[in-house]
Amino acid sequence: MADAVRLEELRKTYGTTTALDGVSAAFADGTFTAIMGPSGSGKSTLLQCAAGLDRPTSGRVFIGGTEVTANNDTAMTKFRRQRVGFVFQEYNLLPSLTVEQNVVLPLRLAGRRANHSRGRELLRSLGLDKHRNNLPDQLSGGQRQRVAVARALLTEPAVIFADEPTGALDLRSAREVLQLLRAVVHEHGRTVVMVTHDPVAASYAGEVLFLADGRLAGSLRAPTADAVAERLAHLGELTGVAA
Ligand SMILES: Nc1ncnc2c1ncn2[C@@H]1O[C@H](COP(=O)(O)OP(=O)(O)OP(=O)(O)O)[C@@H](O)[C@H]1O
């Protein structure tokens, strides 16, 4: 199986702080991976570097076989718009655009035609069709996040990075969004890499990677929420930080 994302020896330092200390990992096509670790362990930094939103101090990032870190900033941005999808905790929908306009926006940013029929089809397949002419603030948090997932899917990216996608949601909405992310992998064949603090959210992934002090600190396949919580508590004890 090809790798959607490959990270080679990523290091990232901020002054005297080492946020990433030599992380190598591969995310195969069609997989759902959660990244967990105590606060300050480097999860967000890893996601930002892997997604080409930030540059590692050293090391290499490959997305769909292309070395992103070899690009200059302009080429990196262009590549990101075409090949990478994002889902953030705060939805990041534009408040003055309708749901449908938000969903097709990435195509316009990537310099492609805004394909409204594809946007509509996607919204229909995600059960959001009746909201397509609404503004984001007319939707619940869970519905907004599902729109954000639809938007991330539209360019058929090599990978979707999700940063705490359920952090602002109630339990039921969180479950719907996680089920959707799982469907994105199993039904749409996409690759999802998700940072989360929540062991229940992580249990929807096929594998969890743990970070501690900027290094990989193990992994768990077919994770249960209990097994994840236990591993996380142990990492917290080792590093002296609450998870
Ligand atoms: N822009 C920055 N400038 C300076 N230090 C930073 C910056 N971003 C992150 N760091 C530091 O790098 C380390 C890793 O931070 P990061 O945000 O990646 O951790 P995290 O695991 O995502 O934490 P949390 O779970 O609290 O969000 C921390 O020590 C943090 O203080």
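The model is predicted, with local features needing pLDDT of at least 70 and side-chain atom pairs pLDDT 80 or more, while totals for chains, interfaces and linings use all residues. Residues are numbered from 1 along each chain as its sequence is written.

**Exercise 1.** Work out how α3 and α5 pack, and which residues meet.

*Step 1.* Find the helices (DSSP runs of H or I, at least four residues; strands are E runs of at least two). Helix α3 covers residues 99-109 and helix α5 residues 141-153.

*Step 2.* Look at the geometry: the axes are 7 Å apart, at an angle of about 35°. Axes here are lines fitted to C-alpha atoms over the stretch in contact, and angles run from 0 to 180 degrees between N-to-C directions.

*Step 3.* List the contacts (C-beta atoms, placed from the backbone, within 7 Å). From α3 you get V99, N102, V103, L105 and P106; across from them in α5 sit V147, A150 and R151.

**Exercise 2.** Trace which strands pair, and in which sense.

*Step 1.* Pairing takes at least two DSSP bridges between two strands. Four strands make an open antiparallel sheet, ordered β2-β1-β4-β5.

*Step 2.* Pick out the edges: β2 (17-28) and β5 (66-67) each pair on one side only.

*Step 3.* Zoom in on β5, which pairs with β4 (residues 58-63) over two bridges. There, I63 stands opposite T66.

*Step 4.* Now go to β6 (residues 84-88), which pairs with β7 (residues 159-163) in the parallel sense over five bridges. F88 stands opposite D163 in β7.

Terms used:
Contact = placed C-beta atoms within 7 Å. Buried ≥ 20, exposed ≤ 12 C-beta atoms within 10 Å, placed from the backbone.
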